[in-house]
Amino acid sequence: TKREDIRNIAIIAHVDHGKTTLVDELLKQSGIFRTNESVKERMMDSNDLERERGITILSKNTAINYKDTKINIIDTPGHADFGGEVERVLKMVSGVILVVDAFEGPMPQTKFVLKKALELQLPVIVAINKIDRPEARPEKVIDEVLDLFIELDASEEQIEFPVVFTSAKEGTSSIDMSKQEDNMEPLFESIIKHTPAPDVDAEGDLQVLISTIDYNEYLGRIGIGKVERGNIKTNQDAIIVNKEEESKNKKIRITKLYEFEGLSRVEVKEAKAGSIIAIAGVEDISIGDTICSIDNPEPLSFVTISEPTISMVFSVNNGPFAGREGKFVTSRQLRERLFKELHTDVSLKVEETESADSFIVSGRGELHLSILIETMRRQGYEFMVSKPKVLFKTVENKKYEPMERVTIDVPEEFMGSVIEKLGTRKGEMVNMVPSEGGYTRLEFSIPARGLIGYRSEFMTDTKGNGIMNSIFDGYEPFKGDIPTRSRGSLVSSEQGTSVTYGMYHVQDRGNLFIHPGVEVYEGMIVGMNSKTQDIDLNVCKKKHLTSMRASGSEEALRLVPPIIFSLEEALEFIEDDELVEITPENIRLRKKILD
Ligand code: GDP
């Protein structure tokens, strides 16, 4: 039977193309928007890091009532996929809205999620947003979307996508570009018309597939998923099984059941097939679990959580400056924080080590772990991390390594250096096409190892104009050693009374960066900023520490933000036996102090 009263839809958008504004507007116009709360405020509060990085990490649910239909809108993670989450989210829905800026056009970051949606044969509604922008070029953007669909092997039906022109900002939309209506009805109608109602077996035995996990202090673990078959009631007994984990076979009682309304979860007594629900009160509920009726426990298959590809050691900061900046510095605090992360991030792994002060944390690539590190730092944690280590796999005595697929958009003038650098790092170019505005899009297949530390180098090489995205691309036989780069050396030259310090950042390019705010510990660079050019530095000696303060030109100083350097930059300079000190204020590199 078809649940005509429901539409389950996922939303895909490049950051800043207006997804939040659009969902807010839909909420507002559907009348659910009672309070002052908006998605925007929520996102601002909780996800500034995600926004900065241009990705969303946790999928969020919003539900909107339009006429007699409930529309569940599920946010998709941006380009970064940390363990099959995108696919699991997409399995809950029967269609997607792709939001595209009417000026910028589709961006490579959305490609990965879109490809998954197309592979699952989901119909796509294209919302050309910001149609009010004076420089909007909607026809051209539609062509670009079409090209992208063709490139991603969309089916014939998918290529004939419906288009809605929207201005989320002004709350208007239309099917016919020349007649913008002063509300979102055309978009609402389009969703109802082009997204199939969930087609489910309402009478069968209960099956709920848990697709995501949420956590909160009061409710504990919360499983979110779609009722695939039958119906679920509070106080009923059920059985929890898992296709990948035969030992999981446990009787449970449904105590807390929720559906989504607006931005909230509301408790319900019953939910029917086709609904997206949340269940609390079930201890160790996990992704991939199926909640079934007692009489017929049939587990559904699900997109497995992919294995971690990279690991780092997280340790208590025990260096000479330990504990000066952090609120949370002890091994107990570090341990608790890391294990808490496992509640919501299923693709992360945390292992104890022989030392109570150190933990091995594994995840899906450098970006995954660096987001965790950055989040903890902002929360007031102080700790140290090691250089990321790629996790190899051995199959029949052969060594395999994780690969990444990297998409890079760069102005033509910087193409050469990108190709050369990635070549040295064992990257293989698989595609090269011209894109908008004098940019070229390059695609590489590269060992995950080869990307460690490349991001910041890339930003420097392209003078901040490049866009780089990478995604896990399976395992391939070991590609051989990658030559390690020289870290460069500290040089100084007298210039009158002040001393100019510089560092050969990249050997083949000579003396490029002079770093203000740099601290030197036993003769090494422990902090830097890559945005600056030459600056004079005054030096003052403090015990074994030499700290330098910038006294460069006003122009140069203006370029220097107070943070010493980013994690990616630190990782670029770190060697195997060194640690990066992460504190709420600074990220510094330091010689290995352990043993
Ligand atoms: P998100 O990152 O995709 O969630 O994007 P936001 O909804 O936060 O929007 C990014 C920026 O674009 C904000 O400054 C919005 O005010 C602006 N914006 C969103 N929709 C529109 C629109 O339809 N027209 C114009 N001119 N600006 C918009």
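Where is the place of Thr-20? Thr-20 sits in helix H1, where helices (H or I, at least four residues) and strands (E, at least two) are DSSP runs numbered from the N terminus. Before we go further, note that this is a predicted model, in which local features need pLDDT of at least 70, side-chain atom pairs count only at pLDDT 80 or more, and totals for chains, interfaces and linings use all residues. Residues are numbered from 1 along each chain as its sequence is written, and side-chain values use heavy atoms, with hydrogens and water left out.

Thr-20 is buried, with a relative accessible area of 9%; buried means under 20%, exposed over 50%, and partly exposed in between (1.4 Å probe, protein chains only). Asp-16, by contrast, is exposed at 55%, and belongs to the loop between strand E1 (6-13) and helix H1 (19-29).

Now turn to the ligand. It is surrounded by 17 residues, the closest being Asp-16, Lys-19, Thr-20, Thr-21 and Asp-132; a residue counts as near if one of its heavy atoms lies within 4 Å. H1 gives the largest share of this shell, three residues.

Look next at the polar contacts, pairs of N or O atoms within 3.5 Å. An N or O atom in the side chain of Thr-21 is 2.4 Å from a ligand oxygen, and a polar side-chain atom of Lys-130 lies 3.0 Å from an oxygen of the ligand. For Asp-132, a polar side-chain atom is 2.6 Å from a ligand nitrogen. Taken alone, the ligand exposes 570 Å², and the protein buries 81% of that (Shrake-Rupley method, 1.4 Å probe).

Technical notes:
Polar contact = N/O pair within 3.5 Å; in protein donor to acceptor, adjacent residues only side chain to side chain.
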